[in-house]
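This report describes a pocket, a nonpolar core and a few individual residues. The sequence and the structure come first.

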Amino acid sequence: MNEIIKHSQRSYWMGWAMIFIILCHIQYTCFDGSFILRIMRSIFIKGEFGVDVFLFLSIIGLCYSIESHGLIIFYKNRVKRLFPMYFIFLIISFLFFKSKDNLLMDILLQLSGLAILTGNRLEEWYIPATITIYLSFPLVFYCFKQLYQKNIIYCILIILLLIYVYPITKLIITPFFARRLYLIALGITIYFSHTRDSGNNRLILLSIVAVLQLFIPLKYTAYLYVPLLLVIFDMYIIKKPFFKITSWIGNHSLEIYLGQTLGLIYFCNQVDFNSTI
């Protein structure tokens, strides 16, 4: 796990996650009924697992950042990294691809993260969800820290609770984010289990979550397996191939994500196709 906490390794895995996200979005544009394209769609539609891996690793990075740099620098780095690029993206999106009506309100909803609650004309949910995580993360991190110091079981119960309450949370926030809320709790708990203790707690965590998954409907836990497998691989120190282009994609994931999102918004407008990005 210490390897994943390192920026270089997180960038590598986040690069692969971004590749799968892009492939998943590309398959939405494949309307041709040819055999090859049907195969492509059946494979790449699973690419949304990349979102799970990306979010999970992002939470690990946030944990490391807030403990290493403190609250002020934590927020300074987040604002400097995200908001200038995202503001430009919003201006281009609404001016060129969407109606200019209520332009200011639309931009404010996206920049504040409230778009995940109110819905949004842009149909882009991940960045508003990320902003919401940034705003609430110090408090959430502190609460989990207190719970973890008492007993790791409390953290595991919250992970499972967030999976169980998905039918309720999806009525309040976008379902794409609601079904991944547990990843925030999972990422923080995994971080603590690998930075505070020996290997015992990490095995307890993985074992209990794996067993309890047997009693939870699959549709609520389908997104749990990939991040856990990633952690297990790292625990056994499996050597990961290192491709510079993959790490480069991970390091520039925001720019790449926003760029491909603009392309998908343009495509959806051209063919009058509704999709949530």
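By class, the lining of the largest pocket holds 22 nonpolar, 14 polar and 6 charged residues; Ala, Val, Leu, Ile, Met, Phe, Trp, Tyr, Cys and Pro count as nonpolar, Asp, Glu, Lys and Arg as charged, and the others, Gly among them, as polar. The model is predicted: local features need pLDDT of at least 70 and side-chain atom pairs count only at pLDDT 80 or more, while totals for chains, interfaces and linings use all residues. Residues are numbered from 1 along each chain as its sequence is written, and side-chain values use heavy atoms, leaving out hydrogens and water.

The largest pocket has a volume of about 970 Å³. A pocket here is an open set of points on a 1 Å grid over the protein atoms alone, where a 1.4 Å probe fits, with protein on both sides within 12 Å along at least five of seven lines; lining residues have an atom within 4 Å of a point. The volume is the space filled by probe spheres set on the points, which are joined across faces, edges and corners. The lining has 42 residues, and M14, F54, S58, Y134 and S253 lie nearest the centre of the pocket. Two or more lining residues come from each of α2 (7-27), α4 (49-69), α5 (71-97), α8 (126-150), α16 (244-251) and α17 (253-271). Of these, α4 supplies the largest share, 11 residues.

The protein has 17 helices and 0 strands; these are DSSP runs numbered from the N terminus (helices H or I, at least four residues; strands E, at least two). Of its 277 residues, 47% are buried, that is, under 20% relative accessible area with a 1.4 Å probe, protein chains only. Of the contacts (heavy atoms within 4.5 Å) between residues at least 6 apart in sequence, 74% join residues at least 24 apart.

The largest nonpolar core has 63 residues, of which I59, Y86, I127, F137, F177 and I188 touch the most other members. Such a core is a set of buried Ala, Val, Leu, Ile, Met, Phe, Trp, Tyr and Cys residues joined through side-chain atoms within 4.5 Å. Helix α4 gives the most to this core, 11 residues. Leaving aside residues up to four places away in sequence, F177 touches I116, W125, A129, I133 and I184.

F192 lies in helix α12 (residues 181-195) and counts as buried because its relative accessibility is 1%. F94, in helix α5, is also buried, with a relative accessible area of 1%. The table gives a C-alpha to C-alpha distance for each.

| Pair | Apart in sequence | C-alpha to C-alpha |
|---|---|---|
| F192 and Q149 | 43 residues | 9.4 Å |
| F94 and I107 | 13 residues | 8.5 Å |

I107 belongs to helix α6 (residues 103-112), where D106, I107, L109, Q110 and L111 are buried. Just after α6, G113 takes a positive phi of about 85°.

Technical notes:
Buried < 20%, exposed > 50% of the residue type's maximum accessible area, 1.4 Å probe, protein only.
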